[in-house]
Amino acid sequence: RIEKQAVYRSMAVTFLGLCIVLLAAGVIFVSGDADGIIDAVYEAVSGFATVGLTCGVTDRSGVLTKLA
């Protein structure tokens, strides 16, 4: 059996990661560097997962986007 505490902790970590990705995508989108929301989410998920893929947003982005 899996303890309830472990399940709650894993759900909290998952929710926190989702919040971080959505916040970063929002910053990227609002800063105007991304062409659309899909590009912003793609960049945020790629950065969070340390995949290293990009759709070109980081090449033309400003300092705020690179920090997000």
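What radius of gyration does the chain have, and what would a compact globule of 68 residues have? In this predicted model, in which residues are numbered from 1 along each chain as its sequence is written, local features need pLDDT of at least 70 and side-chain atom pairs count only at pLDDT 80 or more, while totals for chains, interfaces and linings use all residues. Side-chain values use heavy atoms, with hydrogens and water left out. The chain has a radius of gyration of 15 Å, whereas a compact globule of 68 residues would have one near 11 Å; the radius is taken over C-alpha atoms, and the globule rule is 2.2 Å times the number of residues to the power 0.38. The C-alpha trace spans about 50 × 20 × 20 Å along its principal axes.

The secondary structure comprises three helices and zero strands, in the order α-α-α along the sequence. Helices (H or I, at least four residues) and strands (E, at least two) are DSSP runs numbered from the N terminus. Among contacts (heavy atoms within 4.5 Å) between residues at least 6 apart in sequence, 39% join residues at least 24 apart. Of the 68 residues, 24% count as buried, where buried means under 20% relative accessible area, exposed over 50% and partly exposed in between (1.4 Å probe, protein chains only).

Helix H1 (4-30) has 27 residues and reaches 39 Å from its first C-alpha to its last, close to the 39 Å expected at 1.5 Å a residue; the expected span is 1.5 Å times one less than the number of residues. Its buried residues are Gly17, Val21, Ala24, Ala25 and Ile28, and the buried residues of H1 pack against H2 and helix H3 (63-67). H1 is followed by Gly32, which has a positive phi near 85 degrees.

The accessible surface of the chain, from the Shrake-Rupley method with a 1.4 Å probe, comes to about 5,100 Å², of which 68% belongs to carbon and sulfur atoms. On this surface, Phe29, Val30, Ile37, Ile38, Val41 and Val45 form a nonpolar patch with about 560 Å² of accessible area together. Helices H1 and H2 (37-48) each give two or more residues to the patch, and the largest share, four residues, comes from H2.

Within H2, Ile37 counts as partly exposed because its relative accessibility is 43%. Ser46, also in H2, counts as buried because its relative accessibility is 8%. Residues up to four places away in sequence not being counted, Ser46 touches Val51, Gly52 and Leu53.

Notes. Patch = residues over 30% accessible without salt bridge, like charges linked within 9 Å, V, L, I, M, F, W, Y side chains within 5 Å. Salt bridge = Lys/Arg side-chain N within 4 Å of Asp/Glu carboxyl O.
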